[in-house]
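Welcome! Please have a look at the sequence and the model before you start.

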Amino acid sequence: MLKIYSQFYTGHNIDIPLLKKSKYNTYSYLADHLQDMLFEKMQEAVNSGLLMLDESELVPLIIYVGLNIDKEILKILQKFDFTKDIPKIIVIDVIEDTFSKVECIQLLLFNLMGFDIIIYTPTGYKNLETYISENAYELYNMNEFKYNVRVPRFKIPSSFPKPDDGGFFNKLFKKGRK
């Protein structure tokens with residue numbers, strides 16, 4: 001399946017203009033600047049050296065994963081303001097299986113796009129370590145492991161309240177400040 005992407009890269013270089021014009025570009029409906037950012041982040045993931053994958057699957061797998069980002073993530077990216085609140089992804093991992101190659105690439109791409117990512121593993125089991133270099137993340141151990149943990153069903157609010165004060169810089173540079 002990944003062989004269909006071989007026409008879009010040479011070595012480790014993704015031919016972004018060709019991929020952008022192709023029928024495989026699932027983002028053709030998005031604004032050009034957002035498409036360009038997505039494709040540039042795919043190339044950045046390839047160049048980063050943070051993924052521990054076979055050379056033959058590195059680029060086509062990144063292209064595959066990059067072209068299949070969930071629509072909800074794309075909606076967040078469309079209204080993403082890098083100067084304000086940074087979106088967060090929280091993963092609670094309580095199973096024995098490590099993350100798959102696809103999941104690791106997704107997390108790396110999300111991080112390269114600007115998301116803050118926290119992975120909480122109460123069991124202390126491995127998850128990222130199989131496919132992502134230890135240079136890509138910080139690891140904190142609590143030395144107290146919990147097993148048979150049930151993950152709570154979080155209710156995600158449809159909108160978030162705006163802070164009344166506008167943040168630190170608005171206070172600092174407020175009109176009429178003495």
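A residue is called buried under 20% relative accessible area, exposed over 50%, and partly exposed in between, with a 1.4 Å probe and protein chains only. The model is a predicted one, where local features need pLDDT of at least 70, side-chain atom pairs count only at pLDDT 80 or more, and totals for chains, interfaces and linings use all residues. Residues are numbered from 1 along each chain as its sequence is written, and side-chain values use heavy atoms, with hydrogens and water left out.

**Exercise 1. Describe the protein as a whole.**

Step 1: Begin with the elements. Helices (H or I, at least four residues) and strands (E, at least two) are DSSP runs, numbered from the N terminus. The protein has six helices and four strands, and their order from the N terminus is β-β-α-α-α-α-β-α-β-α.

Step 2: Accessible areas come from the Shrake-Rupley method with a 1.4 Å probe; for residues, only the protein chains shown count as cover. The protein has an accessible surface of about 12,900 Å², and carbon and sulfur atoms hold 53% of this. Of its 178 residues, 33% are buried.

Step 3: Look at the contacts, where contact means heavy atoms within 4.5 Å. Taking contacts between residues at least 6 apart in sequence, 70% join residues at least 24 apart.

**Exercise 2. Work out how H2 and H4 meet.**

Step 1: Compare the axes, which are lines fitted to C-alpha atoms, for helices over the stretch in contact; angles run from 0 to 180 degrees between N-to-C directions. The axes of H2 (residues 32-48) and H4 (residues 71-78) come within 11 Å and cross at roughly 120°.

Step 2: Find the handedness. A crossing is left-handed if the near helix is turned anticlockwise from the far one by less than a right angle, and right-handed if clockwise. H2 passes H4 in a right-handed crossing.

Step 3: Name the residues. H2 brings Leu 34, Met 37 and Leu 38, while H4 brings Leu 74, Leu 77 and Gln 78. In this contact five residues are nonpolar, one is polar and none is charged. Here Ala, Val, Leu, Ile, Met, Phe, Trp, Tyr, Cys and Pro count as nonpolar, Asp, Glu, Lys and Arg as charged, and the others, Gly among them, as polar.

Step 4: Zoom in on Met 37, which is buried at a relative accessible area of 17%. Not counting residues up to four places away in sequence, Met 37 touches Leu 77 and Met 113. Met 37 and Leu 77 are 40 residues apart in sequence, yet their C-alpha atoms are 10.0 Å apart.

**Exercise 3. Classify two aromatic pairs.**

Step 1: Set the rule. Rings of Phe, Tyr and Trp (its six-membered ring) pair if their centres lie within 6.5 Å; planes under 30 degrees apart count as stacked, over 60 as edge-to-face and the rest as tilted. By this rule there are four aromatic pairs.

Step 2: Tyr 5 lies in the segment before strand E1 (9-10) and Tyr 24 in the loop between helix H1 (16-21) and H2, so the pair ties together parts 19 residues apart in sequence. Tyr 5 is buried at 7% relative accessible area, whereas Tyr 24 is partly exposed at 25%.

Step 3: Phe 110 is buried at 10% relative accessibility, and Phe 115 is buried at 2%.

Step 4: Look for a neighbour of this pair. Ile 73 in helix H4 touches Phe 110 and Phe 115, not counting residues up to four places away in sequence.
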